[in-house]
Amino acid sequence: MTPSVLNYAHGGCSDDATQNGNGAAFSHSSIMPRMMVNYCKYEVSIELFGLRSPSQLITVPVGVTGLCIQNGHGDLAAVRVSVLTQVALVASTLSNDPLETMAQTLGDKPGFFQLYTARTRR
Ligand SMILES: Cc1cc2nc3c(=O)[nH]c(=O)nc-3n(C[C@H](O)[C@H](O)[C@H](O)COP(=O)(O)O)c2cc1C
C-alpha cells in the first residue's frame, strides 16, 4: 500500500477517540465456552432486509478495500471471502471494482450496498 492508503486504512478519525474506545470496549468482553452442548441444533441464520443470511455477522463497508491488495481488486477479493465464509458483504460507495462484477461474483449470496448521497451529481 502507498503510505497515504495505509494511513487512511490504519488510522481513526481526528484523535482516534472512537477507535480507542472500541478497542477498550472489546477488552471488557469475553467469550464463555459452553461444554457438552449439542451445537447441531443451533440456528444462527438471520433475515436481514428480506434476505436470508447464514451468519449473524456482516462486513462493514470499507472504501479503500480495493487498494489494499496489489492488483487493485481488493473489493473482488472481499466478495470471494464473503462467499467462502457466508458473512454477508456490504459494498462501499467507494468500491474500486464495478458493482456488476462484484454482484456476479457474489451470485445468490446476500450482499448490500452502502450509498453515500452526494450533494452534487458530478
Ligand atoms: C479504512 C476505513 C474505510 C471506511 N470506509 C467506509 C465507507 O466507504 N463507507 C462507510 O459507510 N463506512 C466506512 N467506514 C466505516 C466502517 O464501515 C465502520 O462503520 C466503522 O469502521 C466502525 O466500525 P468498527 O467500530 O467496527 O470499526 C470505513 C472505516 C475504515 C476504518
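Q: Where in the chain is the place of Ser55?
A: This is a predicted model, where local features need pLDDT of at least 70, side-chain atom pairs count only at pLDDT 80 or more, and totals for chains, interfaces and linings use all residues. Residues are numbered from 1 along each chain as its sequence is written, and side-chain values use heavy atoms, with hydrogens and water left out. Helices (H or I, at least four residues) and strands (E, at least two) are DSSP runs, numbered from the N terminus. In those terms, Ser55 sits in the loop between S2 and helix H3 (74-85).

Q: Is Ser55 buried or exposed?
A: With a 1.4 Å probe and protein chains only, buried means under 20% relative accessible area, exposed means over 50%, and partly exposed is in between. Ser55 has a relative accessible area of 13%, so it is buried.

Q: Which residues is Ser55 in contact with, leaving aside its neighbours within four places in sequence?
A: Contact here means heavy atoms within 4.5 Å. With those sequence neighbours set aside, Ser55 touches Val44, Ile46, Gln86 and Val87.

Q: Which backbone nitrogen does the side chain of Ser55 reach?
A: A polar contact is a pair of N or O atoms within 3.5 Å; within protein, one must be able to donate a hydrogen and the other to accept it, and residues adjacent in sequence count only if both atoms are side-chain atoms. At 2.9 Å, the side chain of Ser55 reaches the backbone nitrogen of Leu57.

Q: What is the phi of Gln86 near?
A: Gln86 is in the loop between H3 and strand S3 (89-91), and it's partly exposed at 36% relative accessible area. Most residues other than glycine have a negative phi. Gln86 isn't a glycine, yet its phi is positive, near 65°.

Q: Which residues form the aromatic pair?
A: Rings of Phe, Tyr and Trp (its six-membered ring) pair if their centres lie within 6.5 Å, with planes under 30 degrees apart counted as stacked, over 60 as edge-to-face and the rest as tilted. A search of the whole structure turns up one pair. That pair is edge-to-face, at 5.7 Å centre to centre and 75° between the planes, and its members are Phe49 and Phe112.

Q: How many residues apart in sequence are the parts that the pair ties together?
A: Phe49 is exposed at 73% relative accessible area, while Phe112 counts as buried at 18%. Because Phe49 lies in the loop between strand S1 (46-48) and strand S2 (51-53) and Phe112 in strand S4 (residues 111-113), the parts tied together are 63 residues apart.

Q: Which side chain joins that of Glu43 in a polar contact?
A: Glu43 is in the loop between helix H2 (17-27) and S1, and it's exposed, with a relative accessible area of 58%. At 2.3 Å, its side chain makes a polar contact with that of Ser45.

Q: How many charged residues does the shell around the ligand have?
A: A residue is near a molecule if one of its heavy atoms lies within 4 Å of it, and Tyr8, Asn22 and Gln114 are among those surrounding the ligand. Ala, Val, Leu, Ile, Met, Phe, Trp, Tyr, Cys and Pro count as nonpolar, Asp, Glu, Lys and Arg as charged, and the others, Gly among them, as polar. The shell has six nonpolar and four polar residues, and its count of charged ones is none.

Q: How far is an oxygen atom of the ligand from an N or O atom in the side chain of Asn22?
A: A nitrogen atom of the ligand is 2.9 Å from a backbone N or O atom of Gly63. For a ligand oxygen and the side chain of Asn22, the distance is 2.6 Å.
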